[in-house]
Amino acid sequence: WEFNGSFYQPSAFLMMGIPGLEALHHWISIPFCVLYLVALLGNCTILFIIKKTQSLHEPMYYFLSMLAVTDLVLVLCTLPTTLGIFWFNMQRIGFDACLTQMYFIHTLSFIESSVLLAMAFDRFVAISHPLRHPSILTKTTVIKIGLAIVLRGVVSLLPIPFLLKRLTYCRKTELSHSFCFHPDIMNLACADIKVNVFYGMVILLSTVGMDFIFIVLSYILIIKTIIGLATKEECLKALNTCVSHICAVLVFFIPMIGLSMIHRFGKNVPPLVNTLVAYTYLIIPPALNPIIYSIKSSHIREALLRTLWRK
């Protein structure tokens, strides 16, 4: 413990695996390894296919590439600590290392939310204004959108580690997860955390919350456009281009909202439920997104089959 007057700050935190199932961690690590492997291979495959296939050099697939990169980095942020606990019982993580991991996890989550919004906007333009789609979402515009997404995520969450470093902590250092999460660290403090709670809530609502609202509005406008189409076949074809994105949105936002609600209001929720929702939020979307797009996107599926056939 570092002591400076009445100021206490732990040198390290202790991360937890799955509560009550510590004896089974080696066996539990098997499905986690499978999910991590699927996420790494799947997202790398998506990136490779898009890079090598000239016909996929379109806004929709550029945004999908951004999503795949975000998922890859997110997986690499949580993989060492999660498997370190399951395989070697390595629970200790330095204070600054924990804040760094927390910052990247939250930043990447915010970036993924923004990318999903950009993909919803792309679908809206493609369906509502198909002739103007190439002129509205040019390569330069897509690059600017991507930079704005990254900048918003990086800047909006930059104060969070510093707000945590100013706090005085109690002697309890056990985290609830095998990774560092802002509400989890914040609740270990003995000091007044109103500023942290307020800033975290404002940033969450003004970024992820607004992204979700605009995604819903985009699909309301898309549905209005689809209803106005002449034939049933045209309606189904237009709607089919959105299925993959809708699945990705649900897979990302449902666990995220659930985890946020548990940390803020679920004081009596069993620790096991909290842990499972957290793992669902951080591991399932990166593993499922490549599968969803490979199954539902005929262009990616065909490009993948052509690549495999050549090899």
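Predicted model: local features only at pLDDT ≥ 70, side-chain atom pairs only at ≥ 80, totals over all residues.
Colleague: What is the volume of the largest pocket?
Modeller: The largest pocket is lined by 22 residues. Its volume is about 600 Å³.

Colleague: Which helix gives the largest share of the lining of the largest pocket?
Modeller: Helix H2 (59-88), helix H3 (95-128), helix H4 (133-136), helix H9 (232-240) and helix H12 (298-310) each supply at least two residues. The largest share is four residues, and these come from H9.

Colleague: How many residues of the lining of the largest pocket are charged?
Modeller: Nine residues of this lining are nonpolar and eight are polar. The charged residues number five.

Colleague: Which residues lie nearest the centre of the second largest pocket?
Modeller: The second largest pocket holds about 380 Å³ of space. Its lining has 15 residues. Nearest the centre lie Ser176, Asp184, Asn187, His263 and Asn274.

Colleague: Which helix gives the largest share of the lining of the second largest pocket?
Modeller: Helix H10 (243-265) and helix H11 (271-296) each supply at least two residues of this lining. The largest share is three residues, from H11.

Colleague: How many residues of the lining of the second largest pocket are polar?
Modeller: This lining includes five nonpolar and four charged residues. The polar residues number six.

Conventions: Residues numbered from 1 in each chain as written. Heavy atoms only, no water. 1 Å grid on protein atoms, 1.4 Å probe; cavity = no way out; pocket = protein on both sides within 12 Å on 5 of 7 lines; lining within 4 Å. Points joined across faces, edges and corners; volume = space filled by probe spheres on them. Nonpolar A, V, L, I, M, F, W, Y, C, P; charged D, E, K, R; others polar.
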